[in-house]
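Subject: Structure handover

Hi,

Here is the structure I promised to pass on. Have a look at it first, and then read my notes below.

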Amino acid sequence: MTSIADRIAGPPLAGAADASARAAAATAPVAETPAIAIAAGGERELRLDLFRGMALWLIFIDHLPPNILTWFTIRNYGFSDATEIFIFISGYTAAFVYGRAMLEAGFVVATARIMRRVWQIYVAHVFLFTIFLAEISYVATSFENPLYSEEMGIMDFLKQPDVTIIQALLLRFRPVNMDVLPLYIVLMLFLPLILWLMKWRADITLALSAALYALTWHYDLYLSAYPNGFWAFNPFAWQLLFVFGAWCALGGATRMSRILSSRVTLWICFAYLFAAFCVTLTWYLPQLNHLMPKRIEQWMYPINKTDLDVLRFAHFLALAAITVRFLPKDWPGLKSPWLRPLILCGQHSLEIFCLGVFLAFAGHFVLAEISGGAWLHLVISLSGILIMSAAAWLFSWYKHSADKSASRKKGTVGNADMAGGG
């Protein structure tokens, strides 16, 4: 009987890479200046903040040991998960902001601003790596349990700290749950080139991205990791989702509006999501395995996460198409105080992601040391979400206070960062 791990190849969300997964994985024209002008004239898209905040919550929950809330994450009901949401929105918001900068200030200035953002993300990654190592090492030493070091993937650091630190600075060594930021850093490094190509021909740029994705699968392109293996999220493959997000931000979504509003598209999306749901049922209910045709199993599995399997990409597209159809930009619920915590987390995604990694290990430690059953799992999960929401509110309050102070000094009104911190 095929296990769930065999069917979904690749690491857990933002988790460490498994070398065996790669062995298994081996077996859409308009003028571009107006396209960028669309980004320049828009206002903040709260739907992006909402779903990026949701992705951060889902990432945190998925990083914890399985619990009640785990069954509310999307990875249990289809092929994609919160990673796809996060990367797509990151590409969309980055193109939205820096496309406007490229239009207004030119390529050189926009590139400088992007590199400044890359540096900020890199510093955040190094800070996260340092504090995360200290957190794990302290717990493992204080409770005399070396399994924490092994589970979190830092044994090589304890054996060769000098070499490992250098490899970490080169983004080649990462403990468990620290794979998203290195991917984001690499994708942002190439954003100036992506925007420049989209200024020339957006559709051709997307086609080139799809070609690189196809070559990645055909020639098994990847980046190696330290001490062995490969990147948990292959940038050569995941760039397609990032570029697709940028393409949508710079006019692609508008050009697809007729397709997205079609009933045929809607029913195709529903049919695909239903089929994916039926497949995932067989992972948790083995008695349903006999309903899956063997030929489909052989063709479908493994569903590779590391290289962004096309089934995962299609599943995300179906979810996105239905979301856009039924959740308009001017939906009044986006102003609801009940959704405010999610939106605030999405607007400060870098800080909240780092905090979520710390909280996930803290929750893992508490659950390992205290046997409290399902209710303790639920309490820890909800407590982490509350802490993340409170931190996002604090970051927002501080930012608005700083903006008001700067505005009074300059006599102007401060502008919100359209990138949403991400």
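Before the notes start, one term: a salt bridge here is a side-chain nitrogen of Lys or Arg within 4 Å of a carboxyl oxygen of Asp or Glu. Please keep in mind that this is a predicted model, where local features need pLDDT of at least 70, side-chain atom pairs count only at pLDDT 80 or more, and totals for chains, interfaces and linings use all residues. Residues are numbered from 1 along each chain as its sequence is written, and side-chain values use heavy atoms, with hydrogens and water left out.

**The overall picture**

The protein has 20 helices and 0 strands. Both kinds of element are DSSP runs numbered from the N terminus (helices are H or I with at least four residues, strands are E with at least two). Of its 422 residues, 51% count as buried. That word means under 20% relative accessible area, while exposed means over 50% and partly exposed is in between (1.4 Å probe, protein chains only). The accessible surface comes to about 20400 Å², and 68% of that belongs to carbon and sulfur atoms. Such areas come from the Shrake-Rupley method with a 1.4 Å probe, and for residues only the protein chains shown count as cover.

**Salt bridges**

By the rule above, the count comes to 8 salt bridges. What I would look at is the network of salt bridges that links Asp81, Glu84, Lys305 and Arg312.

Aspartate 81 and arginine 312 are both buried. Glutamate 84 also forms a salt bridge with arginine 312, at 2.8 Å from N to O. Here helix H5 holds glutamate 84 and helix H17 holds arginine 312, with the two 228 residues apart. Glutamate 84 counts as buried because its relative accessibility is 0%, and arginine 312 counts as buried because its value is 2%.

Another pair is aspartate 203 with arginine 255, whose closest N and O atoms are 2.5 Å apart. Aspartate 203 belongs to helix H12 (residues 202-219) and arginine 255 to helix H13 (residues 235-255), 52 residues apart. Aspartate 203 is buried, since its relative accessible area is 17%, whereas arginine 255 is partly exposed at 26%.

**A nonpolar patch on the surface**

Phe107, Val108, Met115, Leu189, Phe190, Leu193 and Trp196 form a nonpolar patch, with about 690 Å² of accessible area together. Patches are made of residues with over 30% relative accessible area and no salt bridge; like charges are joined within 9 Å, and nonpolar side chains (Val, Leu, Ile, Met, Phe, Trp, Tyr) within 5 Å. Helix H6 (107-142) and helix H11 (191-200) each supply at least two of the patch residues, and H6 gives the most, with 3.

**Buried residues and their neighbours**

Contact in these notes means heavy atoms within 4.5 Å. The neighbours listed below leave out residues up to four places away in sequence.

- Histidine 125 is also in helix H6 and is buried at 2% relative accessible area. It touches Ala168, Leu171, Arg174, Met178, Leu181, Pro182 and Ile185. The C-alpha atoms of histidine 125 and alanine 168 are separated by 9.5 Å, although the residues are 43 apart along the chain.
- Serine 209 lies in helix H12, is buried at 5%, and touches Gln239, Leu240 and Val243.
- Leucine 266, in helix H15 (residues 263-284), is buried at 12%. Leucine 266 touches Ile322, Arg325 and Phe326.

That's what I have so far.

Best wishes
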